[in-house]
Amino acid sequence: QVLIKAGELGTAYGWIVITAIVGLVVSIIVTRRSENGKLWMDTRMLKIPIFGEWLTNLAVLQFMDVLGNLMEAGFTIVDALKVCAGSINNRAIRKSISKLHSAILRGEKFSAELERLGDLFPPVVTQLVIIGEKTGTLAKSTKDIRAHLQREVQRVTNAMLGTIKPVMTIGLAICIGGIVLAIYLPMFDMIGAMNN
């Protein structure tokens, strides 16, 4: 009955589902064409539970990787931050790093500005930057930050990949079980009726 009803609904309202999917895809493409649309979507993506934190850590890792390499090559933090902003894929974080660069140009402390952007930068990042500023080893501190973020990104990636397998297995088991029951239950009913 469930399969029959699903078929009837698909026949009657399938065009609405297809239209909705096409409309969603078109709206995403149109939104991504404008800079404000890209910024809005990237900001919303960072707020998705678990996945948003993973994206944030990935973007901060990108940022720290470029910043550390540039500082080790002899760039000042001001010049390095200017280059870093363009290396981040997520526009929301890119905008925050541009603000960070502007604040450093005004003479603000790097660690203080990171604390103001606490929703993007994990506390451990800020603490390591403070230590690096006080000891004059900021470039070295970025190595520790990168190592920490790499471990976090790897941990969340493994957790997400580990979740996919059981979810797919359970989903397939439910689908196959439903089809088997749909085939055999009517047969058992018929056998029971014939015996009676």
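Which residues line the second largest pocket? The lining is made up of Gln1, Val2, Leu3, Cys175, Gly178, Ile179, Leu181, Ala182 and Pro186. The model is predicted, so local features need pLDDT of at least 70 and side-chain atom pairs count only at pLDDT 80 or more, whereas totals for chains, interfaces and linings use all residues. Residues are numbered from 1 along each chain as its sequence is written, and side-chain values use heavy atoms, with hydrogens and water left out.

Pockets were located on a 1 Å grid over the protein atoms alone, a pocket being an open set of points where a 1.4 Å probe fits, with protein on both sides within 12 Å along at least five of seven lines; lining residues have an atom within 4 Å of a point. A volume is the space filled by probe spheres set on the points, which are joined across faces, edges and corners. The second largest pocket holds about 180 Å³. Helices α1 (2-33) and α8 each supply at least two of its lining residues, and α8 gives the largest share, six residues. Helices here are DSSP runs (H or I, at least four residues), numbered from the N terminus. By class, this lining has seven nonpolar, two polar and no charged residues. In this scheme Ala, Val, Leu, Ile, Met, Phe, Trp, Tyr, Cys and Pro count as nonpolar, Asp, Glu, Lys and Arg as charged, and the others, Gly among them, as polar.

The largest pocket has a volume of about 250 Å³. It is lined by 13 residues, of which Thr43, Leu46, Ala92, Asp119 and Leu120 are the closest to its centre. Two or more lining residues come from each of α2 (35-45), α3 (51-72) and α5 (91-105), with the largest share, four residues, from α5. The lining of the largest pocket divides into five nonpolar, three polar and five charged residues.

A nonpolar surface patch is formed by Leu172, Ile176, Ile179, Val180, Leu181, Ile183, Tyr184, Leu185, Met187, Phe188 and Ile191, with about 1,100 Å² of accessible area together. Patch members have over 30% relative accessible area and no salt bridge, and nonpolar side chains (Val, Leu, Ile, Met, Phe, Trp, Tyr) are joined within 5 Å. Areas come from the Shrake-Rupley method with a 1.4 Å probe, and for residues only the protein chains shown count as cover. Met187 is located in helix α8 (residues 138-195). Its relative accessibility is 40%, and Met187 therefore counts as partly exposed, the class between buried (under 20%) and exposed (over 50%).

Salt bridges (a side-chain nitrogen of Lys or Arg within 4 Å of a carboxyl oxygen of Asp or Glu) number five by this rule. Lys5 and Glu8 form one, with the closest N and O atoms 3.7 Å apart; both residues lie in helix α1, three residues apart, about one turn of the helix. Lys5 is partly exposed at 47%, as is Glu8 at 45%. Glu72 and Lys143 meet in another, at 3.9 Å from N to O. This pair links distant parts of the chain, with Glu72 in helix α3 and Lys143 in helix α8, 71 residues apart. Asp65, Glu72, Lys143 and Arg146 are linked in a network of salt bridges. In a further bridge, the closest N and O atoms of Arg155 and Glu152 are 2.9 Å apart. Arg155 and Glu152 are separated by about one helical turn because they are three residues apart in helix α8.

Terms used
Patch = residues over 30% accessible without salt bridge, like charges linked within 9 Å, V, L, I, M, F, W, Y side chains within 5 Å. Buried < 20%, exposed > 50% of the residue type's maximum accessible area, 1.4 Å probe, protein only.
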